[in-house]
Amino acid sequence: MKKQTENLRKKLKELNEHSLRVADLARKIAKVFGENEKLAYLAGIYHDVGKLDERIFNIISQERALTADEKKIVSLHSEISAQLFLEKNSEKMNIKDLLEVTKAIKQHHKPKTKLALIIFIADFYDALRHRPNYKNGNGPLSKTKAFEIMQNYNLTFNLPKTIFN
Ligand SMILES: [Fe+2]
Ligand SMILES: [Fe+2]
C-alpha cells in the first residue's frame, strides 16, 4: 500500500513538472511563431490535466506497459483536459481565446490548429527529454539527441535550438 501511494505521489509530481515545462516551451515557440504566448502557456498548463481523472491516473501510475484497452482509456485525457479547462476558465476569458485554447488542448496529440501544433511540439520534445524509452530513444535524452530526433520527425520548423532546454 505504501509503495502504491509513493507511486501515485511520484506520478503526480512528474505530471505537474511535465505540464510546467511544456507550458514554458509552448510559450517560447509561440513567441517565435508570432502566436499568442499567454494562450500557448495556458494550453500547456492544462493539456494533460485530464490524466488526473481517477481511472486514467490509476492506469498511468502502473509501472508496466499498457494494454491496448488501457491506452484507449488514457487517450480520452485530451477531451477531459479540455473540459476541465473550460470549467475553470469560461467566466474569465473571451470566447475566441477560450475556443482556441480548448481546441489546442483537445487536439494536442493530433494537431489541426497552430496552437495545437505548438503544444504537440513542446509535448513531444519534453517526452524525449524526460520519458524513458520514448520513440525508441533510451531516454531521458540529452538536449542534442532530443533535438536531433525532433529534426528527424520534421518537428523543429526552423525553431532556434536555443529555446529547447
Ligand atoms: Fe497528452
Ligand atoms: Fe503531455
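Is alanine 116 buried or exposed, and why? In this predicted model, local features require pLDDT of at least 70 and side-chain atom pairs count only at pLDDT 80 or more, whereas totals for chains, interfaces and linings use all residues. Residues are numbered from 1 along each chain as its sequence is written, and chains are lettered from A and ligands numbered from 1 in the order in which they are written.

Alanine 116 counts as buried because it has 23 C-beta neighbours inside 10 Å; the criterion is 20 or more other C-beta atoms within 10 Å, with 12 or fewer for exposed and partly exposed in between, C-beta atoms being placed from the backbone. The residue belongs to helix 7, residues 114-130 (helices are DSSP runs of H or I of at least four residues, numbered from the N terminus). Beyond four places in sequence, alanine 116 touches Lys103, Ala104, Gln107, His108 and Pro111, contact being C-beta atoms within 7 Å.

Helix 1 has 32 residues and spans 46 Å between its first and last C-alpha, close to the expected 46 Å (1.5 Å times one less than the number of residues). Its buried residues include Val22, Leu25 and Ala26, and the cover over the buried residues of helix 1 includes helix 2 and helix 7. Glycine 34, with a positive phi near 70°, follows helix 1.

Methods: Helices (H or I, at least four residues) and strands (E, at least two) are DSSP runs, numbered from the N terminus. Two residues are in contact if their C-beta atoms, placed from the backbone, lie within 7 Å.
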